[in-house]
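Here is a short tour in questions and answers. Look at the model first, then read on.

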Amino acid sequence: MRHIVDAAEATAKANGTYIPCQYCNYASPDQDPLASYGAENMERLKDIASKYDPDGVFQMLQSGGWLLSRVGSTE
């Protein structure tokens, strides 16, 4: 599967249609879709999270999925 994704991304880059943003529902475990939103958007999301969940309860109790606390990790 990784080979197919790599080939599709290479083709899109070659013909100028590549969009780096990854849709979370279609991302595989070896991808980091939240990081693909860009540094500015990640900072905004983290600011929002700290405002509405200052104790990080959601980040600690949510057992899976794409979490802000795991950005940059492909665990």
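Q: Is Asp 30 buried, partly exposed or exposed?
A: This is a predicted model. Asp 30 has a value of 41%. That makes Asp 30 partly exposed.

Q: Which side chain meets that of Asp 30 in a salt bridge?
A: The contact runs from N to O, at 2.8 Å. The cut-off for a salt bridge is within 4 Å. The partner of Asp 30 is Arg 2.

Q: How many residues apart in sequence are the parts that Asp 30 and Arg 2 tie together?
A: Asp 30 lies in the loop between α1 and α2 (39-52). Arg 2 lies in helix α1. So the pair links parts of the chain whose separation in sequence is 28 residues.

Q: What separates Asp 6 and Arg 2 in helix α1?
A: The side chains of Asp 6 and Arg 2 also meet in a salt bridge, at 3.1 Å from N to O. Both residues sit in helix α1, which spans residues 2-14. They are 4 residues apart, so the separation is about one helical turn.

Q: What is the relative accessible area of Arg 2?
A: Asp 6 is partly exposed, at 39%. Arg 2 is partly exposed too. Its relative accessible area is 32%.

Q: Which residues do salt bridges that share partners join into one network?
A: The structure holds 2 salt bridges. Asp 6 pairs with Arg 2, and Asp 30 pairs with Arg 2. The network is made of Arg 2, Asp 6 and Asp 30.

How values were computed:
Residues numbered from 1 in each chain as written. Predicted model: local features only at pLDDT ≥ 70, side-chain atom pairs only at ≥ 80, totals over all residues. Heavy atoms only, no water. Helix = DSSP H or I, 4+ residues; strand = E, 2+ residues; numbered from the N terminus. Buried < 20%, exposed > 50% of the residue type's maximum accessible area, 1.4 Å probe, protein only.
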